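Please open the structure in your viewer and keep the selection tool at hand. The tour goes from one selection to the next, and at each stop there is something to look for.

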Amino acid sequence: MNFDWNYLFSLALYPDFWRATALVAWLGVLTWVIGTVLGFLLALARQSSLRPVRWFAKTYIWLFRSLPLLVLLIFVYNLPQFMPALGPVLSVPFWAGLIALVVSETAYLAEIHRAGLIAVDPGQHEAAHALGVRPVGKYRHIILPQAVRVALPSLGNEFITIVKLTSLVSVISLAEILLVGQRLYTRNFMVLETLVAVSFYYVLVVSVFTFFLSRLEGRLDISRMTGAEIAIPAANAPIGATSNQRRIGEEIVVELAHVDKSFGDKRALADVSLKVRKGEVLSIIGPSGSGKTTLIRTINALQDIDKGRITLDGNDWITADAKGYRMVPDFHDRVTCLGMVFQSFNLFPHMTALQNVTFGPRYHGNRDRQAVRAVAMSHLARVGLAAHANKYPHQLSGGQKQRVAIARALAMDPEIMLFDEPTSALDPELVGEVLQVIEGLASEGMTMVIVTHEMRFVSRISNRVVMMENGYVVVDMTAEELEKSPADSRIQKFMRQS
Ligand SMILES: Nc1ncnc2c1ncn2[C@@H]1O[C@H](COP(=O)(O)OP(=O)(O)OP(=O)(O)O)[C@@H](O)[C@H]1O
């Protein structure tokens, strides 16, 4: 028996195949889009802190990944036998097929999204928190764009799987590509020729969508973003003065009272009490693991506490007692007065330097785009990066990234800046440029708390130094007291050794 090429080529124009191809494409796209949205919600539910929500998501994923699609299809199609009210919808093969596919695929797509969500650096959540971004805004502007980029290749792959799975919908009589082919070869027995045509139409659908998805992937690829086309907006004059404006007032900006925090058996903070006055530059030093980072992170609630009280401008801010851990209700609005700079920068990788700096003010309701951009440019100029405003973080050096992070915190017009080991992740040659910016801020009178291992910098810039050991504040002295302290004192010895 010869392979009938003429018959095969005639199938390229067979209208039923084209109708079935459109149907498969439509069913595939609808399943993928609905499943992608529901899958994302399910992935979020899987990570929820609420146990019943987490349990529901886990059970759903377990159940519908275990069930064969064929079983589900037949089940959904026959559901009207028990629920006649569903008849008008479920007795239509397209809708029954769509529902079964969505129910099944949502479970797989949720796991793909979960992988995307897990891949987003935890520092991104922390940076959002420090900028006072609420959960919905955080997921919308920061986490989702990054998670989708990671998940997109797998999401695209799942689309191909869905297209192929649509062939199963033929069991409930949907006239999709395979069923059209089956109807043909059961009449003319040209099985191979018909199946080659069937394959062609599936490959066509998959190829068209693969093309569009790979274009989308390319557009979302952060490493390919250059931002070169965006015009650099005009800057206001650099903010900040160069003269020494440091004045230490009596006003207490932040106060920690009897703060305790343990991680299991490890007491990271032990009855810590501390006051930061307006205009003061307070450096926190101490050996590794002494509790410095934990301490600074408690101030803006990046770290909860077991016991104690933290006040901001003399008002309640954070409290932990027998009733539990509590932040003030308007925490997200007020946390912006605490500018936070992280050891690992935590810039938003999908935003340019300028967008990183404008994000906070725009999120918090400043609608004057031009004014926000101009102020942001001034902050970038202040840290010496106006010329790099349109670069993405991956195009910047470590020192430049950290300076953008400083500009981002400054854009919220903070009352106090918190620096958590701002130079620890930098190559030695890049440390100086960041310290210079911090020194500039100090000379402008900015209130700052700095956790650092840079002892020469501590001596130069601080007007108070706190030393920690095993969670305890063991030394708390002014710069003058430090200067006069004996060479064999605990702090002097530590500073010499570090
Ligand atoms: N999330 C956590 N889970 C468990 N233990 C933690 C956690 N965070 C901190 N610790 C522990 O608490 C102690 C204090 O840690 P912290 O990071 O505050 O120290 P540090 O003085 O900042 O150290 P380094 O200078 O090395 O950064 C350490 O023993 C650390 O292992």
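Predicted model: local features only at pLDDT ≥ 70, side-chain atom pairs only at ≥ 80, totals over all residues.

**Stop 1: the annotated domain**

Begin by selecting residues 21–213, where an unreviewed UniProt entry places the feature "domain: ABC transmembrane type-1".

**Stop 2: the transmembrane regions**

Next, colour residues 20–45, 57–79, 85–104 and 199–216, which UniProt, again in an unreviewed entry, lists under "transmembrane region". If you pick out residues 57–79, you will find a span that is 87% helix and 0% strand, with its end C-alpha atoms 23 Å apart. Moving on to residues 199–216, you will see that the chain there is 100% helix and 0% strand, and that its end C-alpha atoms are 26 Å apart.

**Stop 3: two helices side by side**

Now show helix α8, residues 135–165, together with helix α10, residues 191–220, and look at how they pack, with their axes 10 Å apart and at an angle of about 170°. Because an angle over 145 degrees counts as roughly antiparallel, α8 is described as roughly antiparallel to α10. To see the contact itself, display the side chains of residues in α8, including Arg149, Leu152 and Phe159, and of residues in α10, among them Tyr202, Phe209 and Glu217. The residues of this contact divide into twelve nonpolar, two polar and three charged.

**Stop 4**

Zoom in on strand β5, residues 315–321, which runs antiparallel to β6 and is joined to β6 by four bridges; here you can find Asp321 standing opposite Gly324 in β6.

**Stop 5**

Which elements give two or more residues to the shell around the ligand? Select the residues around the ligand, among them Phe263, Lys266, Ala268, Gly286, Ser288, Lys292, Thr293 and Thr294, and you will see that these elements are β2 and α11 (292–299). The largest share of the shell, three residues, comes from α11. When the shell is coloured by residue type, its members divide into two nonpolar, seven polar and two charged.

Technical notes:
Residues numbered from 1 in each chain as written. Pairing = 2+ DSSP bridges. UniProt positions renumbered as here; feature names shortened; annotations may be inferred. Near = placed C-beta within 6 Å. Nonpolar A, V, L, I, M, F, W, Y, C, P; charged D, E, K, R; others polar. Axes fitted to C-alpha atoms, helices over the stretch in contact; angles between N-to-C directions. Parallel < 35°, antiparallel > 145°, perpendicular 65-115°, else oblique. Contact = placed C-beta atoms within 7 Å.
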